[in-house]
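Open the model in your viewer and keep the selection tool ready.

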Amino acid sequence: MNQILMLSFLISHFLLSTMIITPAAAAGGGRWKLLQRSIGISAMHMQLLHNDRVVIFDRTEFGPSKLVLPAGKCGNNLNDLAAGDCTAHSAEYDVNTNTVRPLVLQTNVWCSSGSVFPDGRLVQTGGYFTGERKVRSFGACDGCDWQETDGLLAPRWYATNHILPDGRQIIIGGRQQFNYEFYPKSPSRNNLHSLPFLSQTNDPGLENNLYPFVFLNVDGNLFIFANNRAILFDYVKDMVVKTYPQIPGGDPRSYPSSGSAVLLPLKNPVEAEVLVCGGAPKGAVTQAVNGKFVKALNTCGRLKITDASPQWVMETMPQARVMGDMILLPNGNVLIINGGSAGTAGWENGRDPVLSPIIYQPENRIGTRFQVQTQAAIPRMYHSSAILLRDGRILVGGSNPHPFYNFTGVLYPTELSLEIFKPSYLNPEFSKVRPKNIVATPQNKIGYKQQLGIRFSIGGKLNENAVAVTMVAPPFTTHSFAMNQRLLVLARGKVTAIGKSAYHVQVTTPGSGKLAPAGYYMLFVVHQDIPGTGIWLHIQ
């Protein structure tokens, strides 16, 4: 790496650190707002697309939902759908209009997985029964609906998908599937590949290694965490590159013990860190099935996966949490939201909802990183989800710990509502430091290692040292894990004034698909820890 590029990355690292410790970051709180009391289905899976619409679905054999399909649009697969069920089990939510459009599913998507392809389509795989080998796609276009085809070599139920630098997705694991495959298929990649790590992390009768946490490392290999340990995996050579230490304590963090994990913001092309939080102690699944609900884990483990001899650094959360979601915010902080403080994932196995989200500030010193937020009014337990929207809000939905829709006579009724959590950076008092009117040149599409000019305005006084530009890949979120989620801090030059309250900054796009797989990203300008509304950027 030449000296100029290295200097740019060092400046970006400094700016992110400055941004995180500004007074705005200390505000805390956040606000909740109910968007819809019922969208007709429970938001078990969610994916934001680049048209600012969210694809939502649960499962097809819950029984009739509360969202009716248009006339003549009934599902026709009676293996999954009850006879006469002309209700939707998937929906498209339009963020800009706060409206819902019913979608048609033909096979069961229960506990499935997915990735957004470089062209912006959601390509979603697997599920249950007739859906376990299906591949479904959904485009970001007016009137689009699900397209389904056969395409998987093995049943994929509780698997994890990740988009790769070459535009394919890898599909890893699933119930009793200790292997992986690629989609789309090619003559050289049209077979199953054994992954012994998955059988090694399988607790007999309990599993505790489903929905493994998978992240694309900066070297192009995959970090795979299952149960209580992790490997670095070269999927090209089909070999384990590195075996990481077991997380201290040895308690399971994967489904159904269900902690969560994120790849922390990427600030340069040579370092990457993973954060794993929450979960349930050893034996908690068995005890929950027998009616005893053990307190969840209150620890997080942080691991610099690019170190030569990495070691876990443990931290303690303000609250124990299982079935939580971890969402990267535009300013580089991590939101931990949803879940309970006792029990595990599974039908009726969770207790004691955790209503207060937490914000984790990775650049702060240990002991000052967690900040408790305003409580929600609605418990979000098993089968809930959350995603980041382009305006910086968090869309929250789901929660159905029952085999069917159940609204009465239970501890945690099925939730069909959608609500918003607004982090404190959206508070009105920060309007004068919030970037606005963001425009990128070139617009929409750009390649790797390219210069990108960004114009924005600030109503108050500019602090040049507290300006950063980030880009966020919108994840596929289900079962406490946001697949394909990543945030990059872009190297930038000097901020220059171009008019009254108007500014320009030049940034450099990531160097390759190993850092940022091709596709659509939300690009944010952040000033004093306050992000403006993002714009869509297509890297290819």
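Select R121 and D119. Their side chains meet in a salt bridge, 2.8 Å from N to O. A salt bridge here is a side-chain nitrogen of Lys or Arg within 4 Å of a carboxyl oxygen of Asp or Glu. R121 is partly exposed, at 31% relative accessible area. D119 is partly exposed too, at 42%. The classes are buried (under 20% relative accessible area), exposed (over 50%) and partly exposed in between, with a 1.4 Å probe and protein chains only.

This is a predicted model: local features need pLDDT of at least 70, side-chain atom pairs count only at pLDDT 80 or more, and totals for chains, interfaces and linings use all residues. Residues are numbered from 1 along each chain as its sequence is written, and side-chain values use heavy atoms, with hydrogens and water left out.

Next, select E419 and R380. This salt bridge spans 3.1 Å, N to O. E419 lies in strand β30 (residues 418–422) and R380 in the loop between β27 (370–372) and β28 (384–388), so the pair ties together parts 39 residues apart in sequence. Strands are DSSP runs (E, at least two residues), numbered from the N terminus. E419 is buried at 4%, and R380 is buried at 4%.

Zoom in on D94 and R53: their closest N and O atoms are 3.5 Å apart. D94 sits in β4 (residues 90–94) and R53 in β3 (residues 53–57), 41 residues apart. Both are buried. The whole structure holds 19 salt bridges.

R486 belongs to strand β37 (residues 486–489). Its side chain reaches the backbone oxygen of L515 at 2.9 Å.

Finish at the largest cavity. Select V116, I163, A473, P474 and Y520, the nearest to its centre among 20 lining residues. A cavity is a set of points on a 1 Å grid over the protein atoms alone where a 1.4 Å probe fits but cannot get out; lining residues have an atom within 4 Å of a point. The space is about 200 Å³, a volume being the space filled by probe spheres set on the points, which are joined across faces, edges and corners. Strand β41 gives the largest share of the lining, three residues.

Key. Helices (H or I, at least four residues) and strands (E, at least two) are DSSP runs, numbered from the N terminus. A polar contact is a pair of N or O atoms within 3.5 Å; within protein, one must be able to donate a hydrogen and the other to accept it, and residues adjacent in sequence count only if both atoms are side-chain atoms. On a 1 Å grid over the protein atoms alone, a cavity is a set of points where a 1.4 Å probe fits but cannot get out, and a pocket is an open set with protein on both sides within 12 Å along at least five of seven lines; lining residues have an atom within 4 Å of a point.
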